Amino acid sequence: MDLREHLVLRAAAAAAQALSYRNFRVGCAVYAWKPWREGDDLANYLGARWRVFTGANLKPDPDTQKFCAERSAINASRSAGYTKIIGFAVVGKPQPDDESGLTHSTLHPCGVCRRTLGALPEVSGETRVLTGSPQDQDILVHEFSFEELLALHGTRI
Ligand SMILES: [Zn+2]
């Protein structure tokens with residue numbers, strides 16, 4: 001199994017932990033990196049620590065603020081001191097985007113998540129984004145750079 005497939009499956013599994021009053025389940029898996037020793041960088045990645053963090057969306061009641069799977073997973077990675085997001089997968093049923101109004105065949109991170117991720121130092125335009133949605137017995141997956149994802153919705157970093 002390659003890393004992309006692993007991330008998509010971890011995101012799909014995380015979606016089972018979602019809590020949504022309207023049964024809208026989303027999971028996210030983030031592939032994150034932090035230095036093992038001071039001075040390590042991505043060019044010396046064999047000496048670094050890699051880990052997958054997952055998250056699920058949380059909106060138990062219509063009157064509560066939504067807390068998305070993407071921000072949940074990335075906050076876990078950030079809280080553990082991981083300083084670089086290589087990529088992440090998000091899996092859920094597609095729905096019209098809350099800001100751009102566009103509907104794609106896979107679920108994209110929402111406008112709040114796109115802005116939040118774009119403002120974090122551990123995410124760059126190069127960060128890989130896998131968007132997935134269940135289809136028949138499989139998961140349809142599209143891949144973008146974070147910059148390409150923003151451009152699809154008419155924004156940029
Ligand atoms: Zn979101």
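The model is a predicted one, so local features need pLDDT of at least 70 and side-chain atom pairs count only at pLDDT 80 or more, while totals for chains, interfaces and linings use all residues. Residues are numbered from 1 along each chain as its sequence is written.

That pair belongs to a parallel pairing of E5 with strand E6 (residues 128-135), which runs over five bridges; strands count as paired if DSSP finds at least two bridges between them. E5 also pairs with strand E2 (residues 27-34), this time in the antiparallel sense and over seven bridges, with alanine 29 opposite alanine 89. All eight of the eight residues of E5 (residues 84-91) are buried, so the strand is largely enclosed by the rest of the structure. Buried here means that 20 or more other C-beta atoms, placed from the backbone, lie within 10 Å of the residue's own.

E6 and strand E7 (residues 138-145) pair in the antiparallel sense over eight bridges. Two residues lie between the strands of this hairpin, where aspartate 136 takes a positive phi near 50°. E5, helix H3 (residues 111-118) and E6 together form a right-handed β-α-β unit; right-handed means that, with the strands pointing away from the viewer, the path from the first strand over the helix to the second runs clockwise.

Then there is the core. The largest nonpolar core has 36 residues, of which Ala11, Val26, Cys28, Val30, Phe88 and Ala89 touch the most other members. Elements giving two or more residues to this core include E2, E5, E6 and helix H1 (3-15). A nonpolar core is a set of buried Ala, Val, Leu, Ile, Met, Phe, Trp, Tyr and Cys residues joined through C-beta atoms within 7 Å. Leaving aside neighbours within four places in sequence, valine 26 has contacts that include Ala15, Ala56, Cys68, Val90 and Leu107, a contact being two C-beta atoms, placed from the backbone, within 7 Å.

As for the whole protein, there are four helices and seven strands, taken as DSSP runs (helices H or I, at least four residues; strands E, at least two) and numbered from the N terminus. Buried residues make up 36% of the 157 residues. Among contacts between residues at least 6 apart in sequence, 58% join residues at least 24 apart.

Key
A residue is buried if 20 or more other C-beta atoms lie within 10 Å of its own, exposed if 12 or fewer, and partly exposed in between; C-beta atoms are placed from the backbone.
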